Structures are given as C-alpha cells and as structure tokens.
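Here is a short briefing on one protein chain. Keep the sequence and coordinates open while you read.

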Amino acid sequence: MGKLNMAAVFLMLMYVSISKALVVDISKHGARQNADIAQSLTLAFKEACASTTESKVLIPKGTYKLSAVKLEGPCKAPIEIQVQATLIASTEKTTEPSWVAFSHIDHLTVSGGGVFDGQGSKAWARHESINTDGTHIGRSTGFKVLDSDIRTGDDCVSLGDSNQQITIERVTCGPGHGISVGSLGKYQNEAPVIGLTIRNCIITDSWPASYKGVASDMHFEDLIMNNVGNPVLIDQVYCPVNQCNTKIPSKVKISKVTFKNIRGTSSTPVAVKLSCSPGNPCQGVELSNIDLTYTGKEAPAAISQCGHVQPKVSGRMNPKACTAPVAAY
C-alpha cells in the first residue's frame, strides 16, 4: 500500500477550493478608467453575489469615478470586494445618505489597498455637508476594520445601535473626530451594543432624552493620541445642533467600559471626560495607565472630569482621575 502524501492532498484541496472561487472583474461589465463605474460595479457585484461558491469582485489598479452605489445582499456564499484602484466620488449634490453602502451581506470582505477619495473639501465648499463619517457600522456582528488610513471631516469610524463583537485595530484616524459609539437611544427598540474592541482615538456618546438602550463590554486599549480633542470621552449629554432635550437624562445604560494604555497629547484642557447619565449612572468603568498632556494655553495642565460614575483606577494616571465635576452644558 502506497504512502499518503498529506502535503500533496492539502495542496490539491486548496487548488480545488481556489478553482471554484468566482472572480468578476468590473471591466467585464464595461468599466473604464476615469468614467463612472457605479453601474459596472453593481452588475459585477450581483453576478458574484449569486455565486454558490466564494466569489470576488475585482476593481483593478487605476483611477475610476464612482457615484453613490448600494450593494445589497443576501449573497449565496462569502464575497470579497477587492479594491486596488483609486475611486473618486462625485461632487454633485445627492439625496443618498451614503456614498458606498453595503447591506444584508454575511461574510463580506473589503480589501485591496485601494483608496476611496470622497473629495470632501470640494463637496463642503459647494454643499456644507453635515455628515462625512468615513465608515459607519450599523446592526452588524463580527465586523472588523483593520489596517486602514481614514481622513475625514467627521468620525473616522462611527458605530450605531445593534452592533456586536466589533474590532477596530491598527487604524490611522486623522484629521477627523476619532472613533465614536453613538448616537444611542435616538430610536425605540434599539438592540444592545455589546463587545467592542477599539485601538485608536475614542469618542463615546449617546442622546439625552433618549429611549432605553444598552452599551456594554467596550474596550479601548493601546492608543496613541496626537493633539486630539477630549481623547478619552463618554458623553451622555451629547446633543448635536439642539436635536434633543438635555434636561431629560439619557436612558442608555453604559457598563463594562475600559480605557487602558492611552498616551499622547490633548488639544483641549479636558483630556478625560466621563459624563454619564444621572438617570443611569455608568457602571464598571475602568481607567488604567492614562498619560495625556495638554498642548494648548487655556489652562496650565490637562484635567479629568467625571459625572455620575465612579471608575476603577489603576496604574499611571495623568491627569489624575476625576479631579473635577463635569461642566454644565
């Protein structure tokens, strides 16, 4: 009886798996450089999404224009969008809430080292855009944002309600408003936000006068802040453009939140601000090894404000934790 070469069997199985994977190049559907590829991308995605085996949509190297596009599942098997190109957004005014939107897709990967160029400065000058988040994640499970460089006029990454087991790691954010969790409690029957691991600039907020909600098991670790405003922040009195009643306490319950190994510089005197709801005080908040220096001239040193929270404190703490109450709005 002959010997079984397991390495050969593995390579054969791997070859069979790869050979079954469908690769759809957008050029197959008429994509041309320096032209709008929204229709070509949509057609390529639909073809790949219908595959019963793993598939990939390929946007090869080059420069393409891309108007607002929605790529919707469900798909029959795992799917990858490999962006090797530079994609240029239109500066024309649109009613679409997002530029590139993915929805109802399981096992989605977006990769390739390409560039999504939103042409923000041109759009702001013409339309005074009110929301330019780089990436928004909503109602997702097991989502990862890795090894990305995001520069935007709003949140680099924003996370809405109903997210679970989200990882954001090795993301360079700036300029931008950091990475935010919120706004929570804006709508009825929001599912909990549970299980976030984030390693970058952090903003955590929720709506006052909110509906009930839960945000729990969130961990912000090993972060470097470079001239960031309010680098460590929980803000349950967040109320953009007066859309809510700050006199009514937030009903979102925040618990099990850790800030560990965060160092760098703060552009605001308040480097650490934990402003929790008087109706639902935060529980299980931990501060460990925080070292943030204030770079401005408004105050002699950075300060730490706390309200309706008693954090567990350990390790080096600069500024010293909770030395001042949260200032009134």
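N34 sits in the loop between β1 (22-25) and α2 (38-49). N34 is not a glycine, yet its phi is positive, at about 65 degrees.

**Positive phi**
- N34 counts as exposed because its relative accessibility is 53%, and the cut-off for exposed is over 50%.
- H308 also has a positive phi, near 60 degrees, and is a residue other than glycine.
- H308 is placed in the loop between β22 (303-307) and β23.
- With a relative accessible area of 45%, H308 is partly exposed.

**Cis peptide bonds**
- G73 and P74 are joined by a cis peptide bond, with omega at about 10 degrees.
- P74 belongs to the loop between β4 (69-72) and β5 (79-83).
- A cis bond also runs from N318 to P319, where omega is near 5 degrees.
- P319 is in the loop between β23 (312-318) and β24 (324-325).

**Annotated position**
- The UniProt record, an unreviewed entry, lists H177 under "active site".
- H177 lies in a loop, with β13 (164-173) on one side and β14 (179-181) on the other.
- The relative accessible area of H177 is 42%, so H177 is partly exposed.

**Nonpolar surface patch**
- F102, V110 and F116 make up a nonpolar patch on the surface.
- Together these three residues have about 250 Å² of accessible area.
- V110 is part of strand β8 (residues 108-111).
- V110 counts as partly exposed because its relative accessibility is 43%.

**A buried strand residue**
- T258 is found in strand β19 (residues 252-266).
- T258 has a relative accessible area of 7%, so it is buried; the cut-off for buried is under 20%.
- Leaving aside residues up to four places away in sequence, T258 touches M218, H219, F220, E221 and E286.
- T258 and E286 are 28 residues apart in sequence, but their C-alpha atoms are 4.6 Å apart in space.

**Confidence**
- The mean pLDDT of the chain is 86, and 87% of its residues reach 70 or more.
- Over residues 1-18, pLDDT stays under 50.
- For residues 1-18 the model has one contact beyond four places in sequence.
- Where pLDDT is low, predicted coordinates should not be read in detail.

Definitions and conventions: Residues numbered from 1 in each chain as written. Predicted model: local features only at pLDDT ≥ 70, side-chain atom pairs only at ≥ 80, totals over all residues. Heavy atoms only, no water. Patch = residues over 30% accessible without salt bridge, like charges linked within 9 Å, V, L, I, M, F, W, Y side chains within 5 Å. Areas by Shrake-Rupley, 256 points an atom, 1.4 Å probe, with all protein chains shown as cover. Salt bridge = Lys/Arg side-chain N within 4 Å of Asp/Glu carboxyl O. Helix = DSSP H or I, 4+ residues; strand = E, 2+ residues; numbered from the N terminus. Buried < 20%, exposed > 50% of the residue type's maximum accessible area, 1.4 Å probe, protein only. UniProt positions renumbered as here; feature names shortened; annotations may be inferred. pLDDT = per-residue confidence, 0-100. Contact = heavy atoms within 4.5 Å.
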